[in-house]
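The sequence and structure come first, followed by the points by topic.

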Amino acid sequence: MGVRLTYASAKSQVIDNFTLKLYKQGSPTGTIYSKIYKTSDNSLVGSCSTMSASSLTGSAADYTFTCTSITLPNEETRLVLYGDSVTGSNYFVGVGSGSGQSDNGAIETYSLNSGSTWTDDTTSKPAGSVTYHSPATVPDAPTSVSGSAASATSVSLSWTAPSSNGGASITDYTIQYSSNSGSTWSTWSHTASTSTSQTVTGLSQGTAYIFRVAAVNSVGTGSYSSNSSSVTTWDVPGAPTSVSGSSTVNNQVALSWTAPASNGGTAITDYTIQYSSNSGSTWTTFADGTSTSTSATVTGLTSNTSYIFK
């Protein structure tokens, strides 16, 4: 038995399932198969589910056949129901409501209306319905990409997932960065992840970067987001200024200085103090522990000796 379908609004759509009214006369047995073919060359588009002929009843009832990821071509197609070893005594399988139906092996013609209803072309009686959806596309672009320096060579990046995944689950995000205002871009290599935050590593110290992100699904990679604001990785601090000292006690000097104008992007954790008694030809580092104070008392010096400090 065959049912010919002329697809109008369903062209280039993905068919999920279809429903037809079927009934039986007598006691047919065997399996009923459902397949979709191109009308132009009879090539197979895809196969849908099967059912047992014996499960039909004598009265017309709706039976649903499930199709898995079958994209309909942009041309006329036909649905064919056929039996494999469907046998019985004085039997046939009918399509429709039971009035003027064709016997097993005959073909009726149906068209898909805008309301997703299949209608018999010759009698205009309802024959069934179809459910389909648009094929998946690449995802939309992520939004709100922002970052902050995490170290001298890394940046913590976050973004908002796209408003649409294109009809297929997002499987990864492609992250790119640029140190020349977007003239060229580098793609950050990482293990696939659906997280909307990452720490981008392998960057250069004290360098300004912008970032952009694109979502990936089974169809491909979507458009990139707008560029993030510039983020500069950490650098060493600037030099302290106004270093001065005074000695009121033998063998030590009270030293003070002004903190650097730039801390390099992260808090200063210590100051290294050095002194020289030979006008800077050689320097000795003062072991004073760790401190963020901008003053220190340098001890262990030699009495009546002139020192310079840095």
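In this predicted model, 65% of the chain's contacts with a separation of 6 or more are between residues 24 or more positions apart. The chain has 24 strands and zero helices. One disulfide is found in the whole structure, and it joins cysteine 48 to cysteine 67.

**Fold and contacts**
- The secondary structure consists of 24 strands, with zero helices.
- Among contacts with a separation of 6 or more, the share from residues 24 or more positions apart is 65%.

**Burial and surface**
- The chain has 310 residues, and 35% of them count as buried.

**The disulfide**
- The sulfur atoms of cysteine 48 and cysteine 67 are 2.1 Å apart.
- The link between cysteine 48 and cysteine 67 is right-handed, with 100 degrees about the S-S bond.
- Cysteine 48 lies in the loop between β4 (44-47) and β5 (51-52), and cysteine 67 in strand β6 (residues 61-71), so the bond ties together parts 19 residues apart in sequence.

- Cysteine 48 has 10% relative accessibility and counts as buried because the cut-off for buried is under 20%.
- Cysteine 67, with a relative accessible area of 5%, is buried by that cut-off of under 20% too.

How values were computed. Residues are numbered from 1 along each chain as its sequence is written. This is a predicted model: local features need pLDDT of at least 70, side-chain atom pairs count only at pLDDT 80 or more; totals for chains, interfaces and linings use all residues. Side-chain values use heavy atoms; hydrogens and water are left out. Helices (H or I, at least four residues) and strands (E, at least two) are DSSP runs, numbered from the N terminus. Buried means under 20% relative accessible area, exposed over 50%, partly exposed in between (1.4 Å probe, protein chains only). Contact means heavy atoms within 4.5 Å. A disulfide is a pair of cysteine sulfur atoms within 2.5 Å.
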